[in-house]
2 protein chains.
Amino acid sequence: MLAQFQTFIPPVRTLMGPGPSDVDPRILNALSRPTLGHLDPAFIQLMDEIKQLLQYAFKTDNQLTMPISAPGSAGMESVFVNLLEPGDKVIVCQNGVFGGRMQQNVERCGATAVMVQDTWGKQTDLNKLEDALKATPDAKAVAFVHAETSTGVRNDAKAICALAKRYDCLTIVDAVTSLGGIELDVDGWQIDAIYSGTQKCLSCVPGLSPVSFSQEAVEVIKSRKSKVQSWFLDMELVMGYWGQGGKRAYHHTAPVNSLYALHESLRILHNEGLSSAFLRHQEMHVALKVGLEKIGLEFVVDQAYRLPQLNMVSIPQGVDDAQVRSQLLNEYGLEIGAGLGELAGKVWRIGLMGYGCNKKNVDYCVNALTSVLAR
Amino acid sequence: MLAQFQTFIPPVRTLMGPGPSDVDPRILNALSRPTLGHLDPAFIQLMDEIKQLLQYAFKTDNQLTMPISAPGSAGMESVFVNLLEPGDKVIVCQNGVFGGRMQQNVERCGATAVMVQDTWGKQTDLNKLEDALKATPDAKAVAFVHAETSTGVRNDAKAICALAKRYDCLTIVDAVTSLGGIELDVDGWQIDAIYSGTQKCLSCVPGLSPVSFSQEAVEVIKSRKSKVQSWFLDMELVMGYWGQGGKRAYHHTAPVNSLYALHESLRILHNEGLSSAFLRHQEMHVALKVGLEKIGLEFVVDQAYRLPQLNMVSIPQGVDDAQVRSQLLNEYGLEIGAGLGELAGKVWRIGLMGYGCNKKNVDYCVNALTSVLAR
């Protein structure tokens, strides 16, 4: 016999980790509106608006722009399984956790990942990338992470794409943490395939992954010799449902309510405007930096390529990582992020994303850390 | 310049199609509670409860029981990509749309699907299945759909599994529309891998897929020679996060709010009790049947194996399918389902699922159809 289960009332939190970030209450409200059928004309109209708003956020005219009905990891997978076929070679730039996940994806497509490794916390080195491009004349694509959530590094997406294009490669970009937080220009930078997440700078609930594919990428998909290994993520099938206008073919049941939330989050971003949103992220980052440096915390990533939305600081010597984070959580309801992979125990990651990127959160975080570290 | 976008207020609907079904307002309320981090101790505790509640709903002690962070189609894919390796053979029983989707999944794993075809609207024929088992001594698994959403047929899961087990096959079951609506006994029937959806008889929002794997299935996964082709759906990685107790390894960001909703929906099912829920579905089906037959609508599926939650009726001669459905939608806010595949234009599918399976909906649907068909 099972115990009686109570309805779940989450404790009050301020989410300043690597994501999910604090979700805007307006978005939570939209999320909970009554569910429509996934073929309802009113819902189809909403899908068209989501597509337009995503084109705005990504800065692209790509027709193949939509949210994948699953988290960012599935968005990543959708890009690789659609563009790659067994035997292909992809140059993957890694300077953190998520470049490594790209490698996994490439290999699981039966393709080869040629790795360009850089130190975690540093940028991808363009010279190393060019060496790899020269050494791999048959490379099909260059894949990299725009905003490395594991370190807080901004890779130079524009320069990497320009270089890749000089060697006739497709460009594949992880924009999970960058979309809505820092400049991103899909068309201007010649990005061929990009995926993001909803739970970072869009301040939406986790669970969806906006993606966009260029015309060149679409041609690659259309001229595949083999079927896409994933039925769920096969873009030709997905497009039957998300295609512009006309008849919508049932593929899978869309996560209707999550799409209400995404629409609301993109609408809020659109109303604020991309450049205002980027400026706000930058200003709050500076405010946080001033506060944290005042209590002796040091940033790991060079200021020239530091992400404003993901602030990685060293844990001071003698300070117990887990204890501090647990005090912050239990006494302040404040979540900050631990280090991932080789950085575990060495750093904290403090997120300033979307709705959560505001002065109130900055002050609260600085004050809480000041108190806890003074013990 | 983009137009100003308005917040999306969905029109009022009654969802009596094949799903999503009407979502319980208590579940919509749970959905919109503030987001927690996916590693928050309070959220981890919720995950443990979800697992227990899913074990209750599936009637299983399987440790590997959890929701996949994506819709039912991804749940289906998770089962096939984890259990199959290239060269494997799977007997797939098809008597509707979703058996065909299983075939697609099997083939995209590099495996062979041996098809057992039956007429849409009839049950899978056990003799045909046994012939296929005899003719395919190296079959690894038998896969079938418990409740065919495209036709309203209940396949005899217990008998199919017993037969498959006599031939030493794994059993793979699509329970997208059956879970919570009709009897289902994962352990009692020796089901090795099962997937469902949240938007049918659980009355939850679409976007998650509860799955469960038997110990035998887990052994098959653990002894794989090749890596699972999907990183996102690799159960060994997923389990690092969903595993019982202990340390939770980050795999992907869980769809936190959707999981609040799933917890609430399972809690409601648990409070009602499985047998009461099944009885309610049966009683409402009978009430609907009486009402529909009074206006001359005929059920397609034999009563002996008709699903109470998915009622397929023939469209009377001379009646315009699209026009009727559009009148129901526009004048009554009532959604019923069209026919799929070879049944398009020939049938309607009327759902009575979970929260939406109530006398009010039955009366409303019968009255609306009565009025519209009398024109």
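## Basis and terms

A residue is called buried under 20% relative accessible area, exposed over 50% and partly exposed in between, with a 1.4 Å probe and protein chains only. This is a predicted model, in which local features need pLDDT of at least 70 and side-chain atom pairs count only at pLDDT 80 or more, while totals for chains, interfaces and linings use all residues. Residues are numbered from 1 along each chain as its sequence is written, chains are lettered from A in the order in which they are written, and side-chain values use heavy atoms, without hydrogens and water.

## Strand β3 of chain A

Helices (H or I, at least four residues) and strands (E, at least two) are DSSP runs, numbered from the N terminus. In strand β3(A), residues 89-94, five of the six residues are buried.

Strands pair if DSSP finds at least two bridges between them. β3(A) runs parallel to β4(A) (residues 112-117), joined by six bridges; Lys89(A) is opposite Thr112(A). With β5(A) (residues 141-145), β3(A) pairs in the parallel sense over three bridges, and Val90(A) has Ala141(A) as its bridge partner there.

## Aromatic pairs

Rings of Phe, Tyr and Trp (its six-membered ring) pair if their centres lie within 6.5 Å; planes under 30 degrees apart are stacked, over 60 edge-to-face, and the rest tilted. Over all chains, eight aromatic pairs are counted. Phe8(A) and Tyr260(B) are tilted, because their planes stand at 50°, with the centres 5.3 Å apart. This pair joins two chains, since Phe8(A) lies in the segment before β1 (14-16) of chain A and Tyr260(B) in helix α9 (residues 256-272) of chain B. Phe8(A) is buried at 13% relative accessible area, and Tyr260(B) is buried at 1%.
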